[in-house]
Amino acid sequence: MTYVVTDACIKCKYMDCVEVCPVDCFYEGENMLVINPSECIDCGVCEPECPAEAILPDTEDGLEKWLELNTKFSAEWPNITVKRDSPPDADEYKGKEGKYEAYFSPEPGEGD
């Protein structure tokens, strides 16, 4: 098992999860974070820290797409280990449906 970041993170990118991760397995895209599944130790400390409820265990039904996306982009995007400010409009996107289709960007973020 591993944890994955879902589309609830897109355009929110709160980064509270980054601060508590003991193994620094988060990677930053332009408008969301992902978890490297091979680095994640399944401790679960990140899940309750996410204000957008975007982090889920991959054992939940229907998360295969997100496991693939987290795997792919954690290999391409830079590692992030330090919490930074969320986008100024993050709260406007919290809880919106269909964010992947409307807003996902494959571009990397800044990282550390």
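## Aromatic pairs

How many aromatic pairs does the structure hold? The structure, which is a predicted model, holds 6 aromatic pairs. Phenylalanine 73 and phenylalanine 104 are both buried.

A further edge-to-face pair consists of tyrosine 93 and tyrosine 103, since their ring centres are 5.2 Å apart and their planes stand at 80°. Tyrosine 93 is located in helix α3 and tyrosine 103 in helix α4, so this contact ties together parts that are 10 residues apart in sequence. The two tyrosines fall into separate accessibility classes: tyrosine 93 counts as buried because its relative accessibility is 14%, whereas tyrosine 103, with a relative accessible area of 29%, is partly exposed.

Lysine 72 counts as partly exposed, because its relative accessibility is 44%. Glutamate 76 is likewise partly exposed, its relative accessible area being 44%.

## Salt bridges between separate segments

Side chains of opposite charge can pair when their charged atoms come close. A search of the whole structure finds 5 salt bridges. Among them is the bridge between the side chains of glutamate 28 and arginine 84, at 2.7 Å from N to O. Glutamate 28 is part of strand β2 (residues 26-28) and arginine 84 is in the loop between α2 and α3, so the bridge ties together parts that are 56 residues apart in sequence. Glutamate 28 is buried because its relative accessible area is 2%; arginine 84, at 27%, is partly exposed. Salt bridges that share partners join Lys13, Glu28 and Arg84 into one network.

Glutamate 101 and lysine 65 form another salt bridge, in which the closest N and O atoms are 4.0 Å apart. Here the partners lie in two helices, glutamate 101 in α4 and lysine 65 in α2, so the pair ties together parts that are 36 residues apart in sequence. Glutamate 101 is exposed, with a relative accessible area of 60%, while lysine 65 is partly exposed at 39%.

Which residues line the largest cavity? The search of the whole structure finds 2 cavities of 30 Å³ or more, and the largest has a volume of about 80 Å³. Its lining is formed by Val5, Cys9, Lys13, Tyr14, Met15, Asp16, Cys17, Leu33, Cys50, Pro51, Ala52 and Ile55. These residues divide into 10 nonpolar, no polar and 2 charged. One of the lining residues, Lys13, also belongs to the salt-bridge network with Glu28 and Arg84.

The second largest cavity holds about 50 Å³ of space. Cys21, Pro22, Cys25, Phe26, Ile35, Cys40, Ile41, Asp42, Cys43, Gly44, Val45 and Cys46 line this cavity. Its lining comprises 10 nonpolar, 1 polar and 1 charged residue.

## Glycine 95

Glycine 95 is found in the loop between α3 (90-93) and α4 (99-103). Is glycine 95 buried or exposed? Glycine 95 counts as exposed, because its relative accessibility is 63%. Between glycine 95 and aspartate 16 there are 17 Å in space, C-alpha to C-alpha, and the two are 79 residues apart in sequence. Aspartate 16 is one of the residues lining the largest cavity.

Terms used: Residues numbered from 1 in each chain as written. Predicted model: local features only at pLDDT ≥ 70, side-chain atom pairs only at ≥ 80, totals over all residues. Heavy atoms only, no water. 1 Å grid on protein atoms, 1.4 Å probe; cavity = no way out; pocket = protein on both sides within 12 Å on 5 of 7 lines; lining within 4 Å. Points joined across faces, edges and corners; volume = space filled by probe spheres on them. Nonpolar A, V, L, I, M, F, W, Y, C, P; charged D, E, K, R; others polar. Helix = DSSP H or I, 4+ residues; strand = E, 2+ residues; numbered from the N terminus. Buried < 20%, exposed > 50% of the residue type's maximum accessible area, 1.4 Å probe, protein only. Phe/Tyr/Trp six-rings, centres within 6.5 Å; stacked < 30°, edge-to-face > 60°.
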